[in-house]
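Colleague: Before I use this model, I would like to go through the labels attached to it. Please show it to me.

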Number of protein chains: 2
Amino acid sequence: MDLDLELDGAALTAALVDIPSVSGEEGPIADAVEAALRPLPHVAVSRHGHTVVARTGLGRAERVILAGHLDTVPVAGNLPSRVEGPRLFGCGTSDMKSGVAVQLRLAAQLTAAARDVTYVFYDCEEVAAERNGLLRLSREHPELLAGDFAVLMEPTSGQIEGGCQGTLRAEVTAAGQRAHTARSWMGRNAIHEAAGILEVLRGYVAREPEVDGLRYHEGLNAVGIRGGVAGNVVPDECVVTVNYRFAPDRDGAAAEEFVRSLFTAWPVKVIDVAEGARPGLGQGAAATFAAAVGGTPRAKLGWTDVARFATLGIPAVNYGPGRPDIAHTAGEYVETAIIGECEARLRSWLTA
Amino acid sequence: MDLDLELDGAALTAALVDIPSVSGEEGPIADAVEAALRPLPHVAVSRHGHTVVARTGLGRAERVILAGHLDTVPVAGNLPSRVEGPRLFGCGTSDMKSGVAVQLRLAAQLTAAARDVTYVFYDCEEVAAERNGLLRLSREHPELLAGDFAVLMEPTSGQIEGGCQGTLRAEVTAAGQRAHTARSWMGRNAIHEAAGILEVLRGYVAREPEVDGLRYHEGLNAVGIRGGVAGNVVPDECVVTVNYRFAPDRDGAAAEEFVRSLFTAWPVKVIDVAEGARPGLGQGAAATFAAAVGGTPRAKLGWTDVARFATLGIPAVNYGPGRPDIAHTAGEYVETAIIGECEARLRSWLTA
């Protein structure tokens with residue numbers, strides 16, 4: 001499982017894809033990444049579980065972070081990788097071993113960049129947040145994540161996607177009173193009552209605010225509904241689970257306040273909240289990056305680990321060669337040309 | 001566990017209550033009932049699993065059936081029985097060992113009634129229909145259930161409750177299209193769509209038709225709702241289970257047609273239907289019975305085994321000493337005075 005960092009980006013991506021690494025099983029790929037980085041004289045390499053960190057120590061005024069996750073969603077009959085014309089197919093090609101290949105090649109080649117660089121390769125991004133390797137690293141070794149700016153190599157088709165939206169889940173509960181359905185007028189049907197909750201959801205109009213120059217698009221959805229006691233009982237409870245995706249001009253507290261304001265007629269219980277992150281592309285290293293990479297930055301609508309950097313006070317963007325729209329599908333692929341393009345733009349920014 | 005049929009109705013009820021007989025465990029009580037009936041020279045006794053049948057063979061022009069179930073819902077700390085003033089407390093006092101006591105006393109005493117009588121004591125009424133002892137008997141020995149009229153000794157507080165409402169369950173399904181909730185406008189939310197189904201239920205106005213002189217009261221209720229794929233996915237399906245309780249002027253086919261007519265915008269799948277039964281109190285043995293027993297007959301709103309007699313072409317009513325409103329509760333009791341009253345009225349009808 002030796003990785004040859006002299007391979008071009010597409011071939012190195014294929015080599016990474018052919019080391020299966022479903023979340024929780026990143027041992028072999030982390031070993032291979034570590035083994036490939038250890039011989040490089042210009043980076044200090046450390047290993048933390050299945051997470052690998054490599055840092056240059058050039059004493060530059062600015063330090064940036066390139067971060068990518070090593071894990072993939074479950075394999076769906078799409079291994080080993082295969083090339084079809086301009087595309088490389090296989091599990092993780094887009095999300096995000098093509099991004100990891102770019103990181104590895106830059107780590108090998110940039111012996112004396114204009115900025116110090118911290119390369120982070122982490123595990124368990126595709127599963128429950130508490131297992132996330134980047135979160136673990138930020139708690140156990142925050143000093144390794146110190147920096148002025150971070151680029152998360154998530155699939156964005158080679159376009160900058162700035163910030164990310166936050167996400168809140170809450171349960172909204174309609175109450176009733178049990179009765180036998182043969183005498184249903186003795187009770188009050190909680191499921192019927194929940195129609196009011198669903199009407200609020202149907203009537204919701206999404207905000208599309210501009211934040212730091214990027215247009216976000218919110219969403220409010222029922223993601224679950226449950227109710228019912230037995231086939232002959234008028235139910236006394238119906239619980240609707242809603243998911244609010246909010247633009248980064250709102251924080252978690254404002255998001256909760258908004259959800260509560262919509263459902264004043266029912267008890268609302270917040271289940272979890274993950275803050276979003278402002279894109280912050282207008283200033284500092286982020287602005288330099290945006291100028292160097294070019295294109296028209298878009299807002300990131302999904303929640304990604306850029307929000308973790310935001311909580312560390314580090315501006316971050318998503319930027320990688322993969323295609324976000326086919327990530328997590330059996331037909332996942334990456335346009336090989338974009339891998340090299342992405343690498344070239346990052347190199348020119350880091351060396352300028 | 002000998003049962004003394006010379007005991008008065010209240011004492012015999014207590015003796016029956018003190019033989020626990022939760023559904024599926026009716027062996028000991030069926031043994032006791034069989035042993036008490038076998039010595040009677042004027043009835044032919046047969047045993048079928050935990051069901052016992054005793055028939056007179058007087059060659060009368062008319063044969064009536066008195067049927068009662070031996071099983072109870074699970075004991076709720078309410079055994080053994082205890083007397084408090086005019087009430088006998090305990091599991092099964094109302095539903096329906098007081099009715100069984102009346103049956104047993106009549107079986108012992110009426111050696112030469114004006115009508116032939118078939119006494120049926122059956123198992124598993126309180127559980128899934130396919131285990132019901134009366135259903136089993138009707139399939140395996142329909143000749144034992146031949147008759148002109150049946151009285152089911154279910155708790156009715158000593159008032160005739162005629163016929164029963166039918167019950168139909170159906171699933172009404174709202175469809176949508178999956179999407180990530182971060183880009184929810186790419187999908188269509190099936191739970192939101194289900195608001196329309198719930199609005200139909202909220203707008204439903206119950207029919208209260210008069211059938212054979214009795215006023216019924218229908219009901220249409222959601223008894224279950226389910227939907228949801230994951231906390232970050234716009235769901236593509238939401239299923240509402242509805243229960244329609246219909247008056248016996250409608251049969252199952254008409255009930256299905258009605259439900260489908262309400263939900264034309266969504267697929268409707270009928271899960272199960274149990275036909276109701278018309279009270280039929282205006283003619284024949286039923287009319288004689290109503291006249292002899294007196295009081296103002298009421299409509300039976302719940303579904304009971306009278307519907308099984310209806311499918312055999314035998315008019316049937318519910319009539320027993322128990323209180324229907326406290327059946328299945330830990331505080332279940334029976335007014336002991338009503339046991340004797342009920343027995344006296346049945347005796348005067350059967351001997352007239």
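What follows is a short exchange on the terms used for this predicted model.

Colleague: Why is the packing of α1(A) on α3(A) called oblique?

Modeller: Helix α1 (residues 9-17) and helix α3 (residues 93-109) of chain A pack at an angle of about 120°, with their axes 8 Å apart. The crossing is right-handed.

Colleague: Which residues make the contact between these two helices?

Modeller: With heavy atoms within 4.5 Å as the criterion, α1(A) contributes Gly9(A), Leu12(A), Thr13(A), Leu16(A) and Val17(A). From α3(A) come Thr93(A), Lys97(A), Ser98(A), Val100(A), Ala101(A), Leu104(A) and Arg105(A). They divide into six nonpolar, four polar and two charged; Gly counts as polar here.

Colleague: What makes β4 and β19 of chain A edge strands?

Modeller: The open sheet has three strands in the order β4-β5-β19 (chain A), with antiparallel pairing. β4 (82-84) and β19 (333-335) each have a single partner strand, so one side of each is left without a neighbour in the sheet. From one strand to the next, the twist averages 25°.

Colleague: Which helices lie across β5 and β19 of chain A?

Modeller: α3(A) does, running at about 50° to β19(A). Helix α10 (residues 336-351) of chain A also lies across these strands, at about 60° to β19(A).

Colleague: What makes β1 and β2 of chain B a pair?

Modeller: Six bridges join β1 (residues 43-48) to β2 (residues 51-56), and the two run antiparallel. At least two would be enough. Val43(B) is bridged to Thr56(B). Two residues lie between the strands of this hairpin, where Gly49(B) takes a positive phi near 60°.

Colleague: Why are the two copies said to be related as by a two-fold rotation axis?

Modeller: Chain B can be laid on chain A by a turn of 179° and a shift of 0.2 Å along the axis, with an RMSD of 0.2 Å. The copies are thus related as by a two-fold rotation axis. The same surface serves both, since 100% of the contact residues of chain B recur in chain A.

Definitions and conventions: Residues numbered from 1 in each chain as written. Chains lettered and ligands numbered in written order. Predicted model: local features only at pLDDT ≥ 70, side-chain atom pairs only at ≥ 80, totals over all residues. Heavy atoms only, no water. Helix = DSSP H or I, 4+ residues; strand = E, 2+ residues; numbered from the N terminus. Axes fitted to C-alpha atoms, helices over the stretch in contact; angles between N-to-C directions. Left-handed = near helix turned anticlockwise from the far one by under 90°. Least-squares fit on C-alpha atoms with pLDDT ≥ 70 in both.
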